[in-house]
Amino acid sequence: MVKICCIGAGYVGGPTMAVIALKCPSIEVSVVDISVSRITAWNSDQLPIYEPGLDDVVKRCRGKNLFFSAEVEKHVSEADIIFVSVNTPTKTRGLGAGKAADLTYWESAARMIADVSKNDKIVVEKSTVPVKTAEAIEKILTHNSKGINYQILSNPEFLAEGTAIQDLFHPDRVLIGGRDTPQGQKAIQALKEVYAHWVPEDRIICTNLWSAELSKLAANAFLAQRISSVNAMSALCEATGADVTQVANAVGKDARIGPKFLNASVGFGGSCFQKDIFNLIYICECNGLPEVANYWKQVIKVNDYQKSRFVNRIVSSMFNTVSGKKIAILGFAFKKDTGDTRETPAIDVCKGLLGDNAHLSIYDPQVTQEQIQKDLSMEKFDWDHPTHLQPMSPYGTKQVNVVWDAYEATKGAHGLCILTEWDEFKTLDFKMIYDNMQKPAFVFDGRNIVDAEKLREIGFIVYSIGKPLDAWLNDMPAVA
Ligand SMILES: NC(=O)C1=CN([C@@H]2O[C@H](COP(=O)(O)OP(=O)(O)OC[C@H]3O[C@@H](n4cnc5c(N)ncnc54)[C@H](O)[C@@H]3O)[C@@H](O)[C@H]2O)C=CC1
Ligand SMILES: O=C(O)[C@H]1O[C@H](OP(=O)(O)OP(=O)(O)OC[C@H]2O[C@@H](n3ccc(=O)[nH]c3=O)[C@H](O)[C@@H]2O)[C@H](O)[C@@H](O)[C@@H]1O
C-alpha cells in the first residue's frame, strides 16, 4: 500500500489529504502537525476549519485510510510520498522583511525529513514557495542523505477557501513540476497516478520545477490584479456616474476577458494574494527587474487604496466624524463560507474606524469573538504563523463588541457596513433594522449585495461600491 504523509494540517493540508483519501481507498494518508490542538480538533466532531462539504469527506475516511496525528516523525519516516503544506508567511524581520517569504517552517520540516528518513522519498511542495525553493530544499535533504534518494516535486494548490472541496473534486488543472531526469520523471509519474484516480488526464499538467513554482505565484497575481483592476474602475464609476456592475458585465462578456473575478469589493483579503504578490515583487527585485516589481506593487497599492477609500466614505458621509458613534459591522471573514480572517479587509476597515474613535458592534456567522479581538490587536503579518506561535493579544479592544446576531449588531447603530458577502445578509429584514437604528441611518455595502434602491425607499442613505452616488453622498467632500 502506498503511504502518503502530509506535514501541515491547515486549510490546504487537511482538505487536500481528505480528498486524496476519499478518492484513493488503496492509499494510506496521514496528516501530521506540530500543533497538537489542531490535530485533536481534526480527530473530533468540531473540525478546526469551516469548509462546506469537508465534514462529510473526513467522516467517510477518518480511521480507515485517513489519519490525523501529532507523531510527525513516525509518519514521515514511514511514508513514500511526503507533501509539505506548512505556512510560508511574509518575513517580518531581517533581509527582505515585509516582502520575502519566510521559509523557517519549510526548512525545519525539510531538516526533520532528512533526519528521520530511512528509505527513498518523493517530497512534494504543496505550500506556495518562491521560485527555486526546490533547489534549497534539495540541498537540505541531500546534505546528510545517508545514501537516500529524494525527488522533489512542485505541486502547488489552487483551491479557494469556501469552495475547497468542490475545487479539489473538479480542479481546473493539477500542476506537477519535477526534474527532467529519469528519476524526476518517475516521481512525476508516481504523483500523477495518485491524482489520476479522479482527475482527467488532460487536466494534469507536467512541467519543470521552476515553471510549476512560478505558475502558482503568477496565477494568484493575475487573480488579484483582476480585482484591483475592477476596484480601480469602481472609483472612476463613482466619480462619473457609471455603474461598476454594468461595466464589469460589459467587459467580461468579451470571451478573451471572461466574466469571473470581476466583482468590485472593499478589497481582496485572504492569506495568500498579498503575501504571494509581495513574494513575487521580492523575486523580481532580486533578479534585477525593478520595473516588473513596480508593476505588481500597484496591485497591492490599489487594494490598500480601496480599503482606505471605503473608510473615508464612511467618515465623510457621517459629518466627517464617527467618534463615539456605533457602527455595525456585518461580516468579518475575508469572504463568505469560511471562518478565516487572515488579511481580511475587515481588519483594515475596523482599524480605520477605531482610529476615528468609533464604537464597533461586529457580527460574523463563523468568526469567534476571541479571533476578532486578536485580529484587531495583532501587528501586520503576525497572522500567518502557526497559532501557537502567534503573539497573544495583550488586551481586547474596549470599543469593540462582538455579537451573535445581525439585528443585535445594528440596534441603535448610526451606520452599518457589510464587509463579507454572507448569503444571510441578503435576506435581512432591513425595515426592522432601520426602525431600530439612529437617524439618518447609513448603509455602506462593501460587497454590493443589497438592493440599494429598496433600502433607499425604506429611508437609508446607501453607499454601494462603484455605483452612482446617493444625493447625500454627492454633497459630501470628495474622498482621497
Ligand atoms: N489557505 C489557502 O487557501 C491556500 C494556501 N496555500 C498555501 O499553502 C500553504 C499552507 O497554507 P494554509 O494551509 O492556509 O496554512 P495553515 O496555517 O492553515 O496550516 C499550516 C500548518 O502547518 C503547521 N506547521 C508549520 N510548521 C510545521 C512543521 N515544521 N511540522 C509540522 N507542522 C508544521 C502549522 O502548525 C499549521 O497548522 C501556504 O504556503 C499557502 O500559501 C495554497 C493554496 C490555497
Ligand atoms: O493561494 C491561495 O491561497 C488561493 O488564493 C485564492 O483563493 P482564496 O484567497 O481562498 O479566495 P478567493 O475566492 O480567491 O478570494 C480572495 C479575495 O478576493 C475577493 N474577491 C474575489 C473575487 C472578486 O471578484 N472580487 C473580490 O473582491 C474575495 O472576497 C476575497 O477577499 C485563489 O482563488 C486560489 O486559487 C488560491 O489557491
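**View 1. K335 and other polar contacts of ligand 2.** In this predicted model, a polar side-chain atom of K335 sits 2.8 Å from an oxygen atom of ligand 2. R447 also brings a polar side-chain atom to an oxygen atom of ligand 2, at 2.6 Å. G269 uses a backbone N or O atom, 2.9 Å from an oxygen atom of ligand 2. A polar contact here is a pair of N or O atoms within 3.5 Å. On its own, ligand 2 has 700 Å² of accessible area, and the protein covers 90% of that (Shrake-Rupley method, 1.4 Å probe).

**View 2. The shell around ligand 2.** The shell holds 20 residues, each with a heavy atom within 4 Å of the ligand. F158, L159, S265, C272 and R447 come nearest. Eleven shell residues are nonpolar, four polar and five charged; Cys counts as nonpolar and Gly as polar. Helix α9 (residues 209–240) gives the most, with four residues. Helices are DSSP runs (H or I) of at least four residues, numbered from the N terminus. Domain 1 (3–199) and domain 2 (230–475) each supply at least three residues. These bounds come from an automatic or database assignment.

View 3. C272 lies in the loop between α10 (244–252) and α11 (273–286). C272 counts as partly exposed because its relative accessibility is 26% (buried is under 20%, exposed over 50%, partly exposed in between; 1.4 Å probe, protein chains only).

**Notes.** Residues are numbered from 1 along each chain as its sequence is written, chains are lettered from A and ligands numbered from 1 in the order written. Local features need pLDDT of at least 70, side-chain atom pairs count only at pLDDT 80 or more, totals for chains, interfaces and linings use all residues, and side-chain values use heavy atoms, without hydrogens and water.

Terms used
Helix = DSSP H or I, 4+ residues; strand = E, 2+ residues; numbered from the N terminus. Polar contact = N/O pair within 3.5 Å; in protein donor to acceptor, adjacent residues only side chain to side chain.
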